[in-house]
Amino acid sequence: MLQLQQTRRYSVLAAAPPPIAAPPPNTWSPEQRAADLVAATASRATSAASVATAPVVLLTQGDASFVEHADGRKEWVQRAEDDWRATLRGYLNKAAMDDDDASEDPTTIVKQALKDWREGHAVVLRRLLSPKAVAEVHACARDCLDGGWGTIRRRSVGLPDGSVFPQQTHARLSKHFRERCPRAWAALWRGIAGVDWGTWPRFSGDAAVRGAFKQADYLLYQGGDSVGWHDHYGESLLFCVVLLSGDFEGGDFSYKPLDGGGAVDVELAAGDVVVCPSEMEHRVGAVSRGTRASLNVDFWDVDAAADRRSAFDRY
Ligand SMILES: O=C(O)CCC(=O)C(=O)O
Ligand SMILES: [Fe+2]
């Protein structure tokens with residue numbers, strides 16, 4: 001069993017800088033916000049109507065958003081945790097729920113990916129998750145919100161490049177991910193075991209990969225959200241990212257090869273998975289239109305008894 005190293009570069013920044021232009025006091029009134037929340041917690045059918053009138057987020061800076069209302073008015077609003085939850089719920093109420101369970105066998109997908117793979121690079125598993133497996137993950141995130149069993153945060157990962165402060169909305173699904181997303185989980189551990197074996201072997205076989213599940217995080221980016229350059233060194237041994245949505249612009253996933261070569265942009269479609277060794281630096285570019293949803297899953301080799309995280313950090 002390897003010793004888990006201290007975190008070196010994986011940065012989860014706590015404080016957000018002030019927005020570029022100071023937002024005016026919140027004119028998205030508490031009454032309106034309360035009404036949105038009530039509507040959002042109602043049934044899916046009725047909440048779909050309320051979502052149509054929710055402001056569109058054009059840009060985010062820290063906890064402030066520049067929004068456009070249905071009548072065309074634009075303004076800065078300061079947002080609190082409940083607002084981010086409402087945003088997440090609004091997206092999840094509309095997220096594609098596709099019943100198509102067709103996907104290729106993970107072994108075949110891994111074989112193809114390893115043919116194209118070069119040492120020191122990430123591995124891309126095309127369409128590893130079927131539309132139904134992707135839908136399972138969206139449904140799990142909604143269940144996490146409705147059931148209140150996972151932590152939901154607005155957080156920053158990585159270092160800002162230029163003036164853009166990286167931010168993502170983050171829901172930790174670890175507690176129930178494996179049982180609520182059986183298709184997604186089976187595709188992931190099979191795909192990852194195959195990749196690991198054929199590249200930088202860190203886990204000895206399927207059972208070791210299954211036992212090394214550390215956490216699964218559902219991530220939402222919109223209105224300029226991004227993730228700066230960072231790695232997961234010391235936090236895990238291997239991680240993967242699944243793209244869960246398609247209707248957005250910007251939001252490219254890039255990584256820096258371990259041989260010191262220049263950054264590589266990866267084109268991803270919903271259901272595609274990028275697998276990286278945890279020391280590999282990566283980032284997500286700013287999302288300029290629509291919503292990018294993804295799932296980050298980390299694998300380590302610390303067994304349950306040696307896991308010293310608090311319940312909050314786990315879930
Ligand atoms: O959303 C992604 O594609 C990557 C997210 C990421 O790197 C992280 O949350 O650590
Ligand atoms: Fe990351």
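This tour moves through the structure one selection at a time.

The model is predicted: local features need pLDDT of at least 70, side-chain atom pairs count only at pLDDT 80 or more, and totals for chains, interfaces and linings use all residues. Residues are numbered from 1 along each chain as its sequence is written, while chains are lettered from A and ligands numbered from 1 in the order in which they are written.

**Stop 1: helices α5 and α7**

Select residues 131-147, helix α5, together with residues 182-198, helix α7. Helices (H or I, at least four residues) and strands (E, at least two) are DSSP runs, numbered from the N terminus. The two axes come within 7 Å and cross at roughly 115°; axes are lines fitted to C-alpha atoms, for helices over the stretch in contact, and angles run from 0 to 180 degrees between N-to-C directions. On the α5 side, the contact is made by Lys132, Ala133, Glu136 and Val137, and on the α7 side by Arg183, Ala184 and Ala187. Two residues are in contact if their C-beta atoms, placed from the backbone, lie within 7 Å.

**Stop 2: helix α4 against α7**

Residues of α4 including Ile109, Val110 and Ala113 meet residues of α7, among them Ala187, Gly191 and Val195.

**Stop 3: the nonpolar cores**

Next, select Ile192, Cys240, Val274 and Val275, which have the most contacts inside the largest nonpolar core, a set of 66 residues. Such a core consists of buried Ala, Val, Leu, Ile, Met, Phe, Trp, Tyr and Cys residues joined through C-beta atoms within 7 Å. A residue is buried if 20 or more other C-beta atoms lie within 10 Å of its own, exposed if 12 or fewer, and partly exposed in between, with C-beta atoms placed from the backbone. Helix α7 supplies the largest share of this core, 8 residues. Centre the view on Cys240: leaving aside neighbours within four places in sequence, Cys240 is in contact with Leu188, Ile192, Val273, Val274, Val275 and Val297.

**Stop 4: residues 212-303**

Select residues 212-303, listed by UniProt in an unreviewed entry as "domain: Fe2OG dioxygenase". The span is 0% helix and 52% strand, and its end C-alpha atoms lie 7 Å apart.

**Stop 5: Gly261**

Finally, select Gly261, in the loop between β12 (253-255) and β13 (264-266). Gly261 counts as exposed because it has 11 C-beta neighbours inside 10 Å. Its C-alpha atom is separated by 9.2 Å from that of Gly120, 141 residues apart along the chain.

Notes
UniProt positions are given in the numbering used here, feature names are shortened, and annotations may be inferred rather than shown by experiment.
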